[in-house]
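Trainee: I have a structure open and would like to talk it through. Could you take a few questions?

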Amino acid sequence: MTIIDDLSRLTHVTPNEKALVSYILANTQDVLNYSPKELADEAFVSIATVYRLLKK
């Protein structure tokens with residue numbers, strides 16, 4: 001099981017977290033090199049959303 005599989009299975013997410021998951025799934029190679037701040041900026045979500053998703 002991979003992180004991508006885990007992200008695909010998340011069910012209890014906010015709309016912003018869902019947008020972040022969609023961005024990550026669509027850009028899997030690019031996001032490997034992003035900092036949390038860069039990921040938030042690229043996905044048009046707050047950095048708090050990135051950290052909340054990471055905790056889930």
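This is a predicted model: local features need pLDDT of at least 70, side-chain atom pairs count only at pLDDT 80 or more; totals for chains, interfaces and linings use all residues.

Trainee: Is Thr 49 buried or exposed?

Mentor: Good place to start: Thr 49 sits in helix H5, which covers residues 47–55. Its relative accessibility is 1%. The cut-off for burial is under 20%, so Thr 49 counts as buried.

Trainee: Which side chain makes a polar contact with Thr 49?

Mentor: Let's look around that residue. Beyond its neighbours within four places in sequence, Thr 49 is in contact with Asn 16, Glu 17 and Leu 20. The polar contact between side chains spans 3.0 Å, and the partner of Thr 49 is Ser 46.

Trainee: And Ile 3, is that residue buried or exposed?

Mentor: Ile 3 belongs to helix H1, residues 3–9. Its relative accessible area is 65%. Exposed means over 50%, so Ile 3 is exposed.

Trainee: Which residues does Ile 24 contact, leaving aside neighbours within four places in sequence?

Mentor: Ile 24 is one of the residues of that core. Setting those sequence neighbours aside, the contacts of Ile 24 are Ile 4, Leu 7, Val 31, Leu 39 and Leu 53.

Definitions and conventions
Residues are numbered from 1 along each chain as its sequence is written. Side-chain values use heavy atoms; hydrogens and water are left out. Helices (H or I, at least four residues) and strands (E, at least two) are DSSP runs, numbered from the N terminus. Buried means under 20% relative accessible area, exposed over 50%, partly exposed in between (1.4 Å probe, protein chains only). A polar contact is a pair of N or O atoms within 3.5 Å; within protein, one must be able to donate a hydrogen and the other to accept it, and residues adjacent in sequence count only if both atoms are side-chain atoms. Contact means heavy atoms within 4.5 Å. A nonpolar core is a set of buried Ala, Val, Leu, Ile, Met, Phe, Trp, Tyr and Cys residues joined through side-chain atoms within 4.5 Å.
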